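Here is my note on the model you sent. Please read it with the structure open beside you.

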Amino acid sequence: MTTIDAYRQRCEQLFTAGGHAAVRRAAQEGLDEFGPHPDLYCWLALGHAAEDDDHDDSAEEAFRAGLALDSDHLGLLAGYAELCLRADSFEYPGRAAQAVTLSRRLKELAPRSAEADRLAGAERWARRGYWDELRMQAAARAVAGRETEAQARALADDLRLGIDAPRHDVDTVDRDTAVRAATLQALSGPWNAPVRFLGRHRTAAWATSGILCFLTNTALRQTGVIDSFSAWGLLWVLPVLIVDRRFAAVRREAEARHIAALEAALAERR
């Protein structure tokens with residue numbers, strides 16, 4: 001028979017893999033089987049909180065239900081405080097004000113705990129300024145770009161070695177293997193050669209497209225075709241944007257398949 005610990009482990013594995021909807025399903029299944037339990041409410045709440053703002057009300061409801069059972073649960077206190085920290089103080093003043101109380105309580109109970117450290121990071125994030133936000137966005141774009149280049153180089157290696165596209169059951173191994181398999185399946189073939197080339201040389205492609213944009217606009221101004229700025233030069237950026245979107249779509253699809261396979265495998269262990 002499945003135990004609470006088994007549901008905890010199942011939720012943790014799914015959450016680590018990025019399967020937030022799967023975490024919610026597993027936590028709700030545990031609640032349906034065992035009844036109210038603070039740990040399962042915590043995972044249910046975290047599964048909602050990790051999604052977009054549309055899930056915030058459901059996350060708050062789950063956090064409150066869990067804290068009603070165990071008001072000193074560190075995971076619930078930290079998760080609820082993080083949710084309150086990111087709330088808009090004008091739209092949700094009550095939720096935003098809760099952050100101070102929850103944070104103080106957590107630090108009283110376990111000031112050196114992993115939950116307290118995580119909350120401290122969330123508090124620093126909440127105090128970020130405009131320039132910090134810009135740097136964070138730039139860093140996120142840089143990470144996505146590096147993922148595209150790594151994905152394209154792995155694809156080139158697989159094609160050079162003559163590796164065939166693996167079966168879908170390889171998705172149960174790990175995320176990287178799932179992405180690699182999906183990339184090989186979706187972007188092999190001669191018609192995808194330009195996509196693979198631009199992916200491998202993404203940084204150089206972005207730099208080249210930027211230079212071509214500038215030169216195109218300069219030529220159009222000098223010839224009198226336009227008076228100032230024109231969007232025609234931006235057409236040079238389109239191929240690189242399309243390549244980025246193509247690789248990102250393959251990653252999303254592979255991750256979704258990996259999570260579905262992981263969820264099915266964990267469910268079978270019951």
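1. Burial. A residue is called buried under 20% relative accessible area, exposed over 50%, and partly exposed in between (1.4 Å probe, protein chains only). Of the 270 residues of the protein chain, 40% count as buried. Two cautions come with these values. This is a predicted model, in which local features need pLDDT of at least 70 and side-chain atom pairs count only at pLDDT 80 or more, while totals for chains, interfaces and linings use all residues. Residues are numbered from 1 along each chain as its sequence is written, and side-chain values use heavy atoms, with hydrogens and water left out.

2. Overall fold. The protein chain has 12 helices and 0 strands. Helices (H or I, at least four residues) and strands (E, at least two) are DSSP runs, numbered from the N terminus. How spread out is the protein chain? Its radius of gyration is 24 Å, well over the 18 Å that the globule rule gives for 270 residues, so the chain is more spread out than a compact globule. That radius is taken over C-alpha atoms, and the globule rule is 2.2 Å times the number of residues to the power 0.38. Along the principal axes, the C-alpha atoms fill a box of roughly 70 × 50 × 30 Å.

3. Contacts and surface. Contact means heavy atoms within 4.5 Å. Among contacts in the protein chain with a separation of 6 or more, 64% are between residues 24 or more positions apart. The accessible surface comes to about 15600 Å², and 57% of it belongs to carbon and sulfur atoms. Accessible areas come from the Shrake-Rupley method with a 1.4 Å probe; for residues, only the protein chains shown count as cover.

4. The largest core. In soluble globular proteins, nonpolar side chains tend to be buried together. A nonpolar core is a set of buried Ala, Val, Leu, Ile, Met, Phe, Trp, Tyr and Cys residues joined through side-chain atoms within 4.5 Å. Which members of the largest core touch the most other members? They are Leu14, Phe63, Tyr80 and Leu102, out of 36 residues. Among the elements giving two or more residues are H1 (4-16), H3 (38-49) and H12 (238-268). H3 gives the most, with 8 residues.

5. Leaving out residues up to four places away in sequence, Leu14 touches Gly19, Ala22, Val23, Ala26, Ile259, Leu262, Glu263 and Leu266. Another core lies apart from the largest one. It has 11 residues, including Ala182, Val195, Val243 and Val250.

6. A nonpolar patch. Trp232, Leu235, Leu238, Leu241 and Ile242 form a nonpolar patch on the surface, with about 530 Å² of accessible area together. Patches are made of residues with over 30% relative accessible area and no salt bridge; like charges are joined within 9 Å, nonpolar side chains (Val, Leu, Ile, Met, Phe, Trp, Tyr) within 5 Å. Leu238 is in helix H12. Its relative accessible area is 42%, so Leu238 is partly exposed.

7. Pro36 sits in the loop between H2 and H3. Is Pro36 buried or exposed? With a relative accessible area of 58%, Pro36 is exposed. His48 lies in helix H3 and counts as buried, at 14% relative accessibility. Beyond its neighbours within four places in sequence, His48 is in contact with Arg24, His55, Ser58 and Ala59.

8. Salt bridges. A salt bridge is a side-chain nitrogen of Lys or Arg within 4 Å of a carboxyl oxygen of Asp or Glu. The whole structure has 22 salt bridges. Glu263 pairs with Arg25, with the closest N and O atoms 2.9 Å apart. Glu263 lies in helix H12 and Arg25 in helix H2, so this pair ties together parts that are 238 residues apart in sequence. Glu263 counts as buried, at 17% relative accessibility. Arg25 is partly exposed, at 47%.

9. A bridge to a loop. Asp56 forms a salt bridge with Arg86, the closest N and O atoms being 2.6 Å apart. Asp56 is in helix H4 and Arg86 in the loop between H5 and H6, so the pair ties together parts that are 30 residues apart in sequence. Asp56 is buried, with a relative accessible area of 7%.
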